[in-house]
Amino acid sequence: MTRILGIETSCDETSAAVLEGTGDAVAQESLVILSQDVHRVFGGVVPEIASRAHLTSIVPVVDRALSEAGTTLDHLEAIAVTNTPGLVGALLVGVSYGKALAFSRDIPLLGVHHMEGHLFAAALEHRDAVPPFTALLISGGHTLLLDVEAWGKYRLLGATRDDAAGEAFDKVAKLLGLPYPGGTYIEQLAATGDPKRFKFARPMVRRNATPTDEDYYAFSFSGLKTAVLNAVRDSTNVEVDKADIARGFQDALIDTLVEKAARAAHAFSRQRVVLGGGVACNRTLAAALRTRIEPEGRTVFTPSPRLATDNAAMIARAALFHFEHGERAGLDLNAYASSPIPGLVAA
Ligand code: KG4
Ligand code: ZN
């Protein structure tokens with residue numbers, strides 16, 4: 001049994017969690033997430049403000065996670081911290097604090113890739129959300145389609161060539177005058193919209209596509225965003241049209257995600273498809289994916305919203321896997337704005 005503290009500060013959530021377990025039998029002892037609401041005022045994350053807010057909250061957030069787990073620093077076997085990808089100034093707060101704790105208690109330190117954390121999130125709640133599976137990681141900064149043969153062994157099938165899925169939601173929300181971050185607002189508005197009024201082209205989805213095509217698993221959302229912008233400009237009354245535009249946008253984006261995930265699950269004969277990242281909160285997407293692949297005998301796993309969006313429990317969960325495989329970070333662990341997910345095997 002390993003008890004591990006996870007720390008996450010890559011963007012605008014200060015989070016800490018304590019997990020205990022071995023292999024895939026892991027219990028979440030605590031999870032504290034402090035969201036920095038201040039960025040709503042600016043319509044997006046302001047990096048300098050994010051770093052300062054992490055500095056103010058990291059100590060009480062970690063203390064709270066330890067006390068909710070009924071433990072102390074003296075009873076931890078390891079400390080895990082997100083060190084990439086993300087805002088460097090924000091990441092550095094967690095990395096520095098994690099290093100200081102590990103050094104002062106003389107316990108192992110692990111650096112975790114944020115997207116690998118998202119990959120492990122569903123496993124915290126669903127016993128069967130374990131490899132092999134097809135993974136669709138959809139967040140504010142990334143869109144990754146992976147074939148996961150085993151933990152730590154990932155085949156990157158496709159990624160976005162421009163905007164991430166969450167970024168597209170946020171930008172379209174802004175165009176429609178909705179608050180930041182806009183994903184949930186678009187989903188709510190789209191539910192009331194007419195699906196027939198605005199039909200946007202499905203990006204990179206052709207009926208005659210074959211697996212050898214370069215864009216068979218790839219994503220691109222900037223053209224869709226431009227199509228929405230044009231629809232908004234052409235509208236004589238955006239207030240009246242905005243629910244229908246949101247519906248048209250979300251339908252096009254979801255169709256693309258579902259099509260690519262279904263292609264991957266089929267090509268690699270995976271019975272499970274696991275979603276992760278903030279956009280995995282979108283129930284319309286999960287429902288559409290289920291409708292598409294459940295008749296093929298496949299199961300869809302989504303984390304609950306608290307674990308789908310940024311949190312430290314998923315970071316600690318990914319770190320437990322690496323800890324058990326003997327991996328350790330040195331005190332020279334650094335923060336990086338971007339880097340490939342670890343464990344990539346040739347596609
Ligand atoms: O994973 P996450 O919390 O942070 C990053 O690592 O980026 O994802 C945040 C993203 C935002 O773009 C937000 O708009 C999106 O997740 N999101 C949603 C929904 N809830 C959050 N997108 C679509 N539908 C939702 N219900
Ligand atoms: Zn994230």
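**Close-up 1. Methionine 204 and its positive phi.** Methionine 204 sits in the loop that runs between helix 5 and helix 6 (222–234). Helices (H or I, at least four residues) and strands (E, at least two) are DSSP runs here, numbered from the N terminus. Phi of methionine 204 is near 60 degrees, a positive value in a residue other than glycine. Keep in mind that this is a predicted model, where local features need pLDDT of at least 70, side-chain atom pairs count only at pLDDT 80 or more, and totals for chains, interfaces and linings use all residues. Residues are numbered from 1 along each chain as its sequence is written, chains are lettered from A and ligands numbered from 1 in the order in which they are written, and side-chain values use heavy atoms, with hydrogens and water left out.

Close-up 2. Going from threonine 84 to proline 85, the peptide bond is cis, with omega near -20 degrees. You'll find proline 85 in the loop between strand 4 (78–84) and helix 2 (88–105). Tyrosine 180 and proline 181 are also joined by a cis peptide bond, and omega there is about -10 degrees. Proline 181 belongs to the loop between helix 4 and helix 5.

**Close-up 3. What surrounds ligand 1.** There are 20 residues around ligand 1, and the closest are Gly140, Asp170, Glu187, Gly278 and Asn282; a residue counts as near if one of its heavy atoms lies within 4 Å. Sorted by class, this shell has four nonpolar, 13 polar and three charged residues. Ala, Val, Leu, Ile, Met, Phe, Trp, Tyr, Cys and Pro count as nonpolar, Asp, Glu, Lys and Arg as charged, and the others, Gly among them, as polar.

**Close-up 4. Polar atoms beside ligand 1.** One oxygen atom of ligand 1 is 3.0 Å from a polar backbone atom of glycine 183. Asparagine 282 puts a polar side-chain atom 3.0 Å from a nitrogen atom of the ligand. At aspartate 310, a polar backbone atom is 3.1 Å from an oxygen atom of ligand 1.

**Close-up 5. An aromatic pair between phenylalanine 133 and tryptophan 151.** Rings of Phe, Tyr and Trp (its six-membered ring) pair if their centres lie within 6.5 Å; planes under 30 degrees apart count as stacked, over 60 as edge-to-face and the rest as tilted. By this rule there are seven aromatic pairs. Phenylalanine 133 and tryptophan 151 make an edge-to-face one, 5.7 Å centre to centre with 75 degrees between the planes.

Terms used: A polar contact is a pair of N or O atoms within 3.5 Å; within protein, one must be able to donate a hydrogen and the other to accept it, and residues adjacent in sequence count only if both atoms are side-chain atoms.
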